[in-house]
Amino acid sequence: ELDDHVQQHIGRQARPAGGDVGEDQEAPAPPEHVLTACPEAERDAIEALMNHSGASGQGLGRYRVARAYRTRHPTLFRRYDRAKAALQQATINRRAAATSQAMLASGRDFGFFGDLDPTVNEFPLWHGTPSFEKAGGICSSGFDISFVGSTTDSGWYSPGFYFADDVHISHDYASGGTRSVNSKYRGLHVMLLCRALCGNQRRMERLPGEKEKEQLTAACLGPGGAFGPHSEFHSILGMSSSAYLEYVCLHRDQVLPEYVILYTA
């Protein structure tokens, strides 16, 4: 029943090999965006990551993952891969994200996630959203700047896509809505685990005014608004609050949703 609900509100799941198409039937064209349910070991590893990536150290045991899905969208992947190749031409000051460190601290095998390129500060980051439908929209068409501000404000640091390496921060964005499917699956939140090309980061220890936001956006997007090596910097690291460390990406191609996570807190 949960899988049916996910298929209706987030995205179609991959058809098992062999399918159930009759000999005289033509197989339907596969959707460009498909979800694949994660095996138990991957789901447990993601749950461990959620419970180890809180900067406060108080997250252990707080989150329970009911189901996790890998999301695949060839067009979004090609855009991301192209942006990554372009960024590899730049000189990047390397740094680490708490999520990457938490993968090691959790003691789980994250080989299923694939390699991350430290030369471009490619990080696994959390993105919370208050509804299944919004998560489905991101997975089916990518992060869309035209929707920025539709759920919260347009952004403390600039209009863009906001992520965190502390799962508690992203949970705050997801906690505005829950979904109950049946008596077994009640009070579900939805979270995305994404790849992000953070490149060189502009650290902001205070909130900028509107004019400065415009300047930050122009400098981050670079000449012609094309994400790549010629930008002054490639993302914003918001540090205005000791309780919040936010990663702000301004171009759709520098982020790729990888997992949809249904969980309780």
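Reader: What makes the disulfide count come out the way it does, and how many are there?
Author: A disulfide is a pair of cysteine sulfur atoms within 2.5 Å. By this rule the count is 0. Take cysteine 194: the nearest cysteine sulfur belongs to cysteine 139 and is 7.8 Å away, and cysteine 194 is in no disulfide. By the way, this is a predicted model, where local features need pLDDT of at least 70 and side-chain atom pairs count only at pLDDT 80 or more, while totals for chains, interfaces and linings use all residues. Residues are numbered from 1 along each chain as its sequence is written, and side-chain values use heavy atoms, with hydrogens and water left out.

Reader: Why is cysteine 194 called buried?
Author: Buried means under 20% relative accessible area, exposed means over 50%, and partly exposed is in between (1.4 Å probe, protein chains only). Cysteine 194 has 0%, so it is buried. Cysteine 220, at 1%, is buried too.

Reader: And glutamate 40, is it buried or exposed, and how do you know?
Author: Its relative accessibility is 53%, so glutamate 40 counts as exposed. Glutamate 40 lies in helix H2, residues 40–52. Helices (H or I, at least four residues) and strands (E, at least two) are DSSP runs, numbered from the N terminus. The protein chain has 7 helices and 9 strands.

Reader: How do you know that helix H3 has the span it should?
Author: The expected span is 1.5 Å times one less than the number of residues. H3 covers residues 74–87, which is 14 residues, so it should span 20 Å; the end C-alpha atoms are 20 Å apart, and that agrees.

Reader: Which residues of H3 are buried, and what covers them?
Author: The buried ones are Thr75, Leu76, Tyr80, Ala83, Lys84 and Leu87. Their cover includes strand S3 (122–129), helix H5 (132–141), strand S5 (189–197) and strand S9 (255–264).

Reader: What about histidine 73, why is that one buried?
Author: Its relative accessible area is 10%, so histidine 73 is under the cut-off and counts as buried. Histidine 73 sits in the loop between strand S2 (64–72) and H3. Contact means heavy atoms within 4.5 Å. Leaving aside neighbours within four places in sequence, histidine 73 is in contact with Glu32, His33, Cys139 and Ser140. A polar atom of the histidine 73 side chain also lies 2.9 Å from the backbone oxygen of serine 140.

Reader: What makes a group of residues a nonpolar core?
Author: The members must be buried Ala, Val, Leu, Ile, Met, Phe, Trp, Tyr or Cys residues joined through side-chain atoms within 4.5 Å. The largest one has 30 residues, and among those with the most contacts inside it are Leu2, Phe143 and Leu262. A second, separate core has 21 residues, including Met50 and Met191. As for leucine 2, not counting residues up to four places away in sequence, it touches Arg67, Tyr69, Val181, Tyr185, Leu188 and Leu262.

Reader: Last one: what is the phi of asparagine 121, and where does that residue lie?
Author: Asparagine 121 has a positive phi of about 50° although it is not a glycine. Asparagine 121 lies in the loop between helix H4 (98–105) and S3. With a relative accessible area of 1%, asparagine 121 is buried.

Conventions:
A polar contact is a pair of N or O atoms within 3.5 Å; within protein, one must be able to donate a hydrogen and the other to accept it, and residues adjacent in sequence count only if both atoms are side-chain atoms.
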